[in-house]
Amino acid sequence: MTRPGTIAFVFCLTTASLTLADGNWPGFRADGSGTVKADLPTRWSAQEGVAWQSSIPGYGQSSPVVWNDHVYVTSSEGPFQQDCQVHAFDLPTGKKRWTTHVAATTKVENYFRNSRAAPTCCVDETGVFSFFASGDVTAMKHTGETLWTTPVIKKYGEVDNERGVASSLAQTDDLVFVLVDHHGPSYLVALNKSNGDIAWKADRGMRVPSWSSPVIAKQNTRELVITSSADTVDAYDALTGEALWQLDGLQGNHIPSATVVGDQVFVGSTTMYGGATDEDATAGSNCCIQLTDNAGKPGYEVRWGAERANSYYSTPLAFAGYVYYVNKVGVLYCIDQETGEQVFVKRIGNPCWASAIGVTQPDGEQLVYFVLKNGYTIVLRPGDEYDQVARNQLYDAGAMIEARESAEQQRQANAVPADQAAPKTGPEKIFAGMPESRLHQMFSYGDPMVYGVAVAGNQLLIRTGQNLFCVSP
């Protein structure tokens with residue numbers, strides 16, 4: 001069933017996504033909307049439909065990005081993730097074209113509950129820009145040569161964050177943006193793409209740890225950097241770093257990033273251990289913000305807050321007149337995009353650590369792809385009822401066992417020596433004495449886990465900790 005007003009809303013979405021129709025996927029969730037025009041397959045299995053699978057050295061949690069026929073992902077190795085790596089794969093074949101190493105300038109323990117190469121790169125015609133938990137921002141040519149490296153965390157001080165840094169880069173034509181929110185002086189910083197110099201730094205005061213990513217919004221001729229993090233949503237002028245407005249009083253927006261579609265911003269929030277625990281306040285923090293302009297002065301209005309919604313690792317998707325949220329146990333909430341009213345709730349079997357993708361096919365049909373943490377993909381037709389088109393398995397039992405063993409070997413090879421491990425703080429202090437197997441069971445950290453997805457032309461790219469898959473028609 002099509003909702004009133006959906007046709008106009010769809011036009012806005014497809015117009016915004018036409019820039020991605022050439023096959024590029026330039027950053028985390030493409031342009032920040034997670035929507036694309038493509039002719040993706042709807043059905044595949046471990047035996048049919050997977051065009052190629054490639055091993056990724058080390059371990060990483062970033063999403064793929066795509067420019068022309070290059071696919072980029074990151075990973076890290078070493079007990080303190082001292083070896084950061086950017087990898088380029090050939091899109092048609094999956095063959096690894098090159099790996100470039102970045103020596104970490106700060107130490108981050110290679111621990112399975114810490115971020116491990118989690119920030120997603122951004123890419124443009126000049127090259128690929130990466131960011132690691134060590135705080136090192138780099139620019140590389142499409143052929144792999146390093147153009148510059150800027151050690152942001154070394155420059156501004158170590159991060160006091162129980163899980164490390166995971167915020168992905170955002171970009172405009174000339175700048176890349178890094179968000180660091182932690183138990184300490186927090187900030188948003190812009191770097192020049194041409195040379196890595198700091199263009200501006202916006203101080204955010206003392207914050208609580210967050211791992212969400214900034215996103216770019218366009219308002220008339222002005223570009224804004226939107227941050228949904230640490231219980232506020234803030235807007236900055238992308239060119240100057242001027243703080244334009246702040247929405248405070250939110251709860252739980254520490255992990256999911258904001259989604260920007262046209263002049264609307266959709267915020268995701270979740271209850272979490274040691275943080276947001278009020279379910280009603282968290283649900284209402286899953287909200288819609290309307291960007292406003294009063295005589296050239298940017299502002300905002302809160303259009304609605306959800307009565308029941310929870311967005312865990314994955315970012316909410318606004319698509320085809322609906323907004324989709326997935327919580328930590330795999331419950332899908334579908335919310336009316338205009339009113340914020342709940343449309344339906346459905347358990348889909350597993351949480352999503354990769355964010356959902358809204359796809360408009362060449363014939364106009366619209367589908368939503370939820371790639372679950374366990375490798376299954378739910379293909380859903382938008383509507384007032386749960387309308388599942390397909391449920392596809394990426395790998396079979398043998399591949400799962402192999403991936404689990406490979407991840408275990410990687411953890412053992414990169415274990416931090418006991419006499420060099422820093423004392424655990426905050427919530428992690430409680431878990432410090434537990435066996436790793438028990439922690440894996442408690443937090444469902446069993447490999448293989450899907451961390452990120454991207455669309456390249458008519459192909460779906462799916463990334464686990466140590467492998468990259470390409471699903472093709």
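This report describes strand pairing, salt bridges and a charged surface patch in a predicted model.

## Strand S13 and its neighbours

Strand S13 covers residues 185–192, and six of its eight residues are buried, so the strand is largely enclosed by the rest of the structure. On one side of the pairing scheme is strand S12 (residues 175–180), which runs antiparallel to S13 and is joined to it by six bridges. Leucine 175 has asparagine 192 of S13 as its bridge partner. The two strands, S12 and S13, form a hairpin with four residues between them.

S13 also pairs with strand S14 (residues 198–206), again in an antiparallel arrangement, through seven bridges. Here leucine 188 is partnered by alanine 202 of S14. Five residues separate the strands in the hairpin of S13 and S14, where glycine 196 adopts a positive phi near 85 degrees.

Arginine 204 forms a salt bridge with aspartate 234, with 3.5 Å between the closest N and O atoms. Arginine 204 belongs to strand S14 and aspartate 234 to strand S17 (residues 232–237), so the pair ties together parts that are 30 residues apart in sequence. Both arginine 204 and aspartate 234 are buried.

The model contains 14 salt bridges. In one of them, the side chains of aspartate 69 and arginine 97 meet at 3.0 Å, N to O. Aspartate 69 is in the loop between strand S3 (65–67) and strand S4 (70–77), while arginine 97 is in strand S6 (residues 96–103); the pair therefore ties together parts that are 28 residues apart in sequence. Aspartate 69 is partly exposed, at 32% relative accessible area, and arginine 97 is likewise partly exposed, at 35%.

Another salt bridge links arginine 381 with glutamate 365, the closest N and O atoms being 3.2 Å apart. Arginine 381 lies in the loop between strand S29 (376–380) and strand S30 (388–393), and glutamate 365 in the loop between strand S27 (357–360) and strand S28 (366–371), so this pair ties together parts that are 16 residues apart in sequence. Arginine 381 is partly exposed, with a relative accessible area of 31%, and glutamate 365 is partly exposed at 29%. Elsewhere, salt bridges that share partners join Asp181, Arg204, Arg207 and Asp234 into one network.

Aspartate 280 is located in helix H3 (residues 279–285). This aspartate 280 has 64% relative accessibility and therefore counts as exposed, the cut-off being over 50%.

How values were computed:
Residues numbered from 1 in each chain as written. Predicted model: local features only at pLDDT ≥ 70, side-chain atom pairs only at ≥ 80, totals over all residues. Heavy atoms only, no water. Buried < 20%, exposed > 50% of the residue type's maximum accessible area, 1.4 Å probe, protein only. Pairing = 2+ DSSP bridges. Salt bridge = Lys/Arg side-chain N within 4 Å of Asp/Glu carboxyl O.
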